[in-house]
Amino acid sequence: MTLDFSTLLPYLDEILEGLVTTVWLTVATTFVGIALAIVVAYVRDGAPGIASSLLGAYVEVTRNTPFIVQLFFLFFGLPALGVPISATVAALLAMVLNLGAYTAEILRAGIDSTARGQHEAARALGLSRLQSFRHVVLVPAFSRVYPSLISQCIIVMLGSAVVSQISVFDLTYAANFIQSRNFRGFEVYLVVTLIYLLLAVGLRLGFEFVGRRLFAFRQGGSS
Amino acid sequence: MALVVVNDLHKSFGDLEVLKGIDLEIEAGEVVSIIGRSGSGKSTFLRCLNQLEHHDWGTIHLADQRLDGGAMSPGELSQNVGMVFQSFNLFPHKTVIENVMLAPVVVKQTPRAEARQVAEQMLDKVGMLEKIDAYPGQLSGGQQQRVAIARALAMQPKVLLCDEVTSALDPELVGEVLHVLESLAAEGMTLILVTHEMKFARDVSHRVVFMHHGHIHEAGDPQTLFTQPKTSELSQFIASIL
């Protein structure tokens, strides 16, 4: 067998379209998923109650079932319940819910390790629980768990390959599509593998860049 | 009428009764040092005064207003009683000026420009104006504690509580913090300090309160108290620390 990458050239548009879908799904999921995780972590950090229990159930169900089943449940299950949902929306929703649950747990570890004195100082200054969470607890908590957070976002980006199973035109869908036309499996999947690798590296670098700005206080300091 | 009036304060942690009925009146502008062995209840007493601990029985009034039992919101409390901690507890992700401005802006809803002005004033008072943009991790313990004092003062409280504020400091840094407290006292700030700095208690405070087993065992002006203790517990305590 000889390698011939020129066989991919007619399919550049498909690869590009798949890449764009994968990237925007990942970026949107990262932002919305982390926002969701912050809300979940805040509620679960508070007094036990119905909201806290419901969110706890959401986190446990999500973390203990396969992503592809969650995706199928949303895409095939919701219409059966009379809620029409497009493949793209189902994909985005599944990814956001997935990242939200894992990140909420990661973030909770960071919140739990907040020094008692920080809470006391905030209380002595008159901050409410929400104010204290927002201004005192959140940023240091994120900084403590940031490496795990980056890994989790990369896992979700790579896991997004699964959305090709409900015919969302992502990078993996593009690869399957091209391979079924030109039968050049090796070339197609090699290229797509490299693209995923670059995306993962790029995502990590982006996170680290943001982290250096956001957590500037950790540089050259002992605390 | 005294500024702070504490009546029959009781506090237990489970079966352990830590405060067994504290009565104390403190005048505006008075500097009161609370001394005693660890476990005597002095820190718990201080923490009841700004409701970081909720006592089981008794009342606390500040300027004729009930302070305890939910009578004041946390926001109101922080504008009446400020607190400085042994371990500074500055917010590590905020610069010096942000630490000082946070509560005025968020709790008091002071406009940022005005809050910044007040913060600069307070930082000037503690000699930390030139470190305004530093993060706490870049400061020495003494500098951090001085910022913590400025942060408490920025809420313009009527009373400042100091809970062993020099205990976590290297010996050579204790002086700069005590110096700040001394100048606050000279300005007429009402200070209530739990302290192990006996020299400071003797030289700066107007009154020294000796706590023992959850009671105020002996109290009086520092000269008399340190030189002519009335009770054997106090003379033993003084002997053990000098």
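Is Phe215(A) buried or exposed? Select Phe215(A) to start: its relative accessible area is 7%, so this residue is buried (buried means under 20% relative accessible area, exposed over 50%, partly exposed in between, with a 1.4 Å probe and protein chains only).

The model is predicted, so local features need pLDDT of at least 70 and side-chain atom pairs count only at pLDDT 80 or more, while totals for chains, interfaces and linings use all residues. Residues are numbered from 1 along each chain as its sequence is written, chains are lettered from A and ligands numbered from 1 in the order in which they are written, and side-chain values use heavy atoms, with hydrogens and water left out.

**Aromatic pairs**

Over all chains, the search finds 10 aromatic pairs. Rings of Phe, Tyr and Trp (its six-membered ring) pair if their centres lie within 6.5 Å; planes under 30 degrees apart count as stacked, over 60 as edge-to-face and the rest as tilted. Phe217(A) is buried too, at a relative accessible area of 5%.

Phe210(B) lies in strand 9 (residues 207-212) of chain B and Phe237(B) in helix 9 (residues 232-241) of chain B, so the pair ties together parts 27 residues apart in sequence. Helices (H or I, at least four residues) and strands (E, at least two) are DSSP runs, numbered from the N terminus. Phe210(B) is buried at 0% relative accessibility, and Phe237(B) is buried at 4%.

Now select Tyr146(A), Phe207(A), Phe215(A), Phe217(A) and Tyr135(B), which form one aromatic cluster.

**Charges over rings**

In chain B, Arg151(B) lies over the face of Phe91(B), 4.5 Å from the ring centre. Select Arg202(B) as well: its charged end sits over the ring of Phe226(B), 5.8 Å from the centre. A charge sits over a ring if NZ of Lys or CZ of Arg is within 6 Å of the ring centre and within 35 degrees of the ring normal.

**A contact between the chains**

Last, select Glu120(A), in helix 5 (residues 116-124) of chain A. Glu120(A) counts as buried at 12% relative accessibility. A polar contact of 2.7 Å joins its side chain to that of Arg47(B) (a pair of N or O atoms within 3.5 Å; within protein, one must be able to donate a hydrogen and the other to accept it, and residues adjacent in sequence count only if both atoms are side-chain atoms).
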